[in-house]
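I opened the model to look up a few local features. My notes follow.

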Amino acid sequence: MPAAIPIVAAVAAGAAAAAEMYAVAAVITIASAVASMALTKKAGVNSYRDQSERKQVMRAAASPKTVVYGETETAGTLFFAEEGPGNQENGERLFMGITLAGHKLSSIGNVYLADDVIGTYGEHAEYEFHNDRSSADPYLLTNAPSWKDDMIGRGVAWLRITLKFDAEKFPSGIPNVKVLKRGWAVYDPRTGETKYSNNAALIILHFYRHYLKVPDSEILWDQFQMAANICDELVVRSDGLREPRYTINGEWDLSENKSAVLDELLASCSGDPTFIGGRHGLLVGAYYGPATEIIDEGQLAGDIEIMPEVAQRERVNTIKGTFIDPLQRFSEADFPPVRVTPWIEEDGIEISQDMKLRFVTSEYQAQRLADIKLKRTRSARTMNLSLNLSGFRYRPGMYVMVNLPTLGINMVEMRVTDWKFGIQNGVTLTLKQESAEVWNDAIGQPLERPPLTELPSGGVAQPQSLVYQVEEIGEVVQGILSWNNIGTVAYNQVVLRQNGVVVLSIQVPGSLTRLTGLIRGAYTAHVTAVNFMGARSPEAWLEFVIDAPDTPSSVRVELGYFSITLFPVLSQLTNVSTQFDFWTSWEIPLPDTSTYTVETQASRMGVGSNWSSHSLKNDHTYYWYVRSINAFGASAFIEVAALCQMDTGQLIDYLDEAIRGSGAFDNLQNGVDMNLEGQLHNALANNATAEHQWKQQGEVRADILIIKTTVADVDRGLAELSTQVQAEIGDLTSAVSEKLTAEVKSDGTASAFYTLNLGIRRDGQFHNTGFAMGIEPNGNGGYKSTTVFAADQFGIYSGNNPGNYQAAFFVNNGQVFINTAFIQDASITSAKIKDASIGSGKISNYLQSDNYVSGSVGMRLGFRDGTFEINGSTPGQGRTVSDNTGIAAYDSSGLRRVKVGKIR
């Protein structure tokens, strides 16, 4: 056995369970092999642990107790570990004790070793859950020598794990242990029952009673019951499913600041704590209206302070943050940001705040909370009132109607957010104009804020020449709503409605505003001018519609090497972001361009402002079908017959450059390395294996060298085998080299090469021949293969009788010679036929000009179908078609004007 090291054990009876820390009950020893396991996280006292830390088992002499609310998946504290009798060869067992919570849990779900359910380990792993035991675990008393009678674990939840040694099951040592926990059973004042629940209000009530030690006589029970009912309300998520409005799921340590923990619990339900008449209550996020109480001028007992808008430095238009995602095994994850686009436009920049929702396990709840926070921050019209003792009846959370006609404030609904009472000053209230829209479930929608004061209209002219026009094509709908003001105005109130629903409400100091992000449909824009006295003009309004795009008027085809690029053109500017949808039927035209035909018989290639297609065949026509699309719909298709054609001379230069740029060509061009001594030196430097056989007599020498190289590190893997035979007399050397190379890299690329080089060196002059093959990255995320031959003379012969080979194909001095050829499809830039006499010939299909496009340009003579088509040199010049039925002439629009022969 290796040397033993100490590790603590700490589930003692009585006092240890009652304290806020798990205390040390005993010190035992385990082998260093166990100490090297992944369970090495050490606990800190008075420290906050995030979710990633909570998913790692800790070991500590003393660690803070953990409190679990709702459901979560975390680890615990390793307090006991001991090896059983035996050794690793005969199935030695390891016993471990892990605390899960500093209180009794409602239940547990799956137990995981690493990320696998413990049941998948079979006989090599087992566990037993202990919840507030009253006596020592008999299993550990029997099997673990160091387990004592006083090691009970009263008042805590803990887990006994037994692992049986198996090198295959546990290749990396002892795995991390995680458990799905269901926390406290909490009291529900609505039913009088105490049972498991993740209701946010009931959990906060439990926190008040058990951890803040608030007596029941100081609890506002009615408020908590109402809050619990709101938390249980089912809301419809964006995916159509339902979930409770506010839940709390997570855990915290007793060493944490309880005030900070309470703030995080309240953030999970957008809650506000109340303290009225010496008693504690809770208002969760909800609309507590409509108002039934009225505050009028007769109740005023002091000054009035009004803050009509939030300060620019405090404005927020975006909320981002994190929550705990059960779909990612209860790990911290980002929830989708909540943005109000009109507010971003109004502010001219995205201004964001972060929310860390450690007790929220629903991205939908997280978004609702972010939306509430954003709207409450933004709609910060606030009023501070000093009232006489009649204000004693108003409480935080209540909605009241404020009626102060002298100030032009006529029956405005506001929410009481703060309440203070003094003998001399009476009651001081803080009111905010938080309408019911603040609390609805429409995420990211702006508010139509009613005016705080109502001043008589008159003296302000109605805005004139109200128009909506497109500014540009961007990634979203973008246009300008503009008007003309007559006289001086403070600002213009702009409201945009769709089907009567407000989608934008902003104040504009100038005479135009940009509108973005509009969906398809009809809109009405309403603009009211407001002067510096608050007087409002009559409303000006305008209707406009956003719809699907037009069909492309044409498509420009740009040729490349074995490629084409399509550039669709629209005849007029669109008022929404427009792209193009590209489909192709390759070399077979479709019978028509209907949407059904294209979508069922063609292949969709992609969407963009243009499209490039590569690896095409030269002198072949490809049929493309293109339509315009935007967020609101798609146009009809237009057919494009694109001829992929480049001059043969240009293609030869392009292919030559491509092959010369390959690794296979480099290997071939490098020739034979006749410096054997240098090869051996490099082999030793690279830790390669070399086999060298040689003989020498005078200046005559013969060598066989075999080098095997293998490399494996974090960045790449390389295997190479090189064989070379070489003979030399003085300055005359002859060599044959064969090399096989395979390589992979950590960036996801790989290559493979085979090279055979033959060389002769005489009087310092090298002569080389050989061939090389290679597969390597093509620079576009794919791979290219290359095979290269180099020789003065290259020939292909047929036959299997060495004495009777038949010459078929030769390459000599940069020219190709073919004895006899049958070519199905040929494209010849220029041809010379000398002294030709053709008695008879067969053409299996057609002859056509190099610029031929069906129905557009060029000429085609079809021998198989008996047609002769003559087009102009450019599109739109008309065409003539002759076949077995007669001769037909078509005009520039494709309409047949003359037919001689059979009319059909």
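Which residue in S55 does Gly 795 stand opposite? I found Phe 810 there. I am working on a predicted model, where local features need pLDDT of at least 70, side-chain atom pairs count only at pLDDT 80 or more, and totals for chains, interfaces and linings use all residues. Residues are numbered from 1 along each chain as its sequence is written, and side-chain values use heavy atoms, with hydrogens and water left out.

Sheet. I traced an open, antiparallel sheet of three strands, ordered S54-S55-S56. Strands are DSSP runs of E, at least two residues, numbered from the N terminus; two of them pair if DSSP finds at least two bridges between them. S54 (793-798) and S56 (815-818) are the edges; each has a single partner strand, so one side of each lacks a neighbour in the sheet. Neighbouring strands are turned by 15 degrees against each other on average, direction ignored (axes are lines fitted to C-alpha atoms). S54 pairs with S55 (residues 806-812) over six bridges, in the antiparallel sense.

Cysteines. I looked for disulfides (cysteine sulfur pairs within 2.5 Å) and counted zero. Cys 231 is buried at 0% relative accessibility (buried is under 20%, exposed over 50%, partly exposed in between, with a 1.4 Å probe and protein chains only). Cys 644 is buried as well, with a relative accessible area of 0%.

Val 736. I placed Val 736 in strand S50 (residues 732-745). Val 736 is partly exposed, at 32% relative accessible area.

How values were computed
Helix = DSSP H or I, 4+ residues; strand = E, 2+ residues; numbered from the N terminus. Axes fitted to C-alpha atoms, helices over the stretch in contact; angles between N-to-C directions.
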